[in-house]
Amino acid sequence: MLKLEGLKLAPEEKEAALHRRAARLLRIPEEDVLSVQVLRRSIDAREELHLVYTVAAEVRQEKQVLRRCRDRRVSRFVPERYALPEVLSSPEVPPVVVGAGPGGLFAALVLARCGLRPILLERGRDTTARQRDVETFWRTGVLDPESNVQFGEGGAGTFSDGKLTTGIKDIRISKVMEEFVEAGADESIAYKNKPHIGTDRLREIVKNIRLKIESL
């Protein structure tokens with residue numbers, strides 16, 4: 001596959017137009033572009049407003065196309081995927097994860113996917129009960145010290161809008177995004193420059209991750 005950077009679409013254009021943009025950049029017929037996968041999407045508002053895409057394109061006669069193309073925005077694409085360690089036998093004493101915030105949830109999920117059957121401990125209540133407690137606090141001002149905006153399943157971010165930001169580049173980020181999508185997040189979080197899940201959906205996703213851990 002080939003990696004193509006800097007493909008621009010106007011806000012009203014559909015992403016299907018990326019096939020045409022890819023063909024134009026590579027100087028090949030549009031029918032020779034077999035597939036286009038969005039890797040990243042950002043916004044350029046410096047002059048006219050555009051959505052700017054980085055994509056992975058599958059094309060006919062890839063080697064010849066890459067050899068002919070001299071554009072620096074085109075390169076060979078080798079996808080990197082984070083693979084979990086192989087499944088292990090469950091130990092006699094299971095690992096214990098303390099806290100069901102983002103770190104605890106994903107630590108328990110990885111351990112569970114690897115067959116280690118972790119025990120996940122959380123001070124507060126699950127998201128359904130916690131939502132009722134938080135709404136009671138907002139309505140009455142009565143605080144439940146064990147179940148509130150700070151404490152409970154999902155951690156302090158459960159009642160945020162679920163912005164997914166980090167200052168690092170790490171192959172494991174894509175795995176985190178895959179798990180969110182599997183739990184119900186929109187697939188676009190995998191490539192948006194400023195992805196967020198949304199408050200209402202985030203609470204259900206946190207619950208689904210916990211249910212997945214339990215099922216494993």
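**Close-up views of side-chain pairs**

Across the whole structure, a search turns up 18 salt bridges, each being a side-chain nitrogen of Lys or Arg within 4 Å of a carboxyl oxygen of Asp or Glu. Side chains of opposite charge can pair when their charged atoms come close. Please keep in mind that this is a predicted model, in which local features need pLDDT of at least 70, side-chain atom pairs count only at pLDDT 80 or more, and totals for chains, interfaces and linings use all residues. Residues are numbered from 1 along each chain as its sequence is written, and side-chain values use heavy atoms, with hydrogens and water left out.

**View 1. D32 and R60 meet in a salt bridge.** Their side chains come to 3.2 Å, N to O. D32 sits in the loop between helix 1 (18–26) and strand 2 (33–44), and R60 in the loop between strand 3 (50–59) and helix 2 (62–68), so the pair ties together parts that are 28 residues apart in sequence. Helices (H or I, at least four residues) and strands (E, at least two) are DSSP runs, numbered from the N terminus. R60 has a relative accessible area of 42% and is partly exposed; here buried means under 20% relative accessible area, exposed over 50%, and partly exposed in between (1.4 Å probe, protein chains only).

**View 2. D170 pairs with R172.** This salt bridge spans 2.9 Å, N to O, between the two side chains. D170 is partly exposed at 27% relative accessibility, and R172 is partly exposed too, at 47%.

**View 3. K212 and E182 form a salt bridge between helices.** The N to O distance between the side chains is 3.9 Å. K212 belongs to helix 6 (residues 199–215) and E182 to helix 5 (residues 172–182), which makes this a link between distant parts of the chain, 30 residues apart. K212 is partly exposed at 29% relative accessibility, whereas E182 is exposed at 51%. Look around the pair as well: salt bridges with shared partners join R113, K175, E179, E182 and K212 into one network.

**View 4. S147 is a buried loop residue.** You will find S147 in the loop between helix 4 (127–140) and helix 5, with a relative accessibility of 1%. Its side chain is joined to that of D133 by a polar contact of 2.6 Å (a pair of N or O atoms within 3.5 Å; within protein, one must be able to donate a hydrogen and the other to accept it, and residues adjacent in sequence count only if both atoms are side-chain atoms). Leaving aside neighbours within four places in sequence, S147 is in contact (heavy atoms within 4.5 Å) with R125, R130 and D133.
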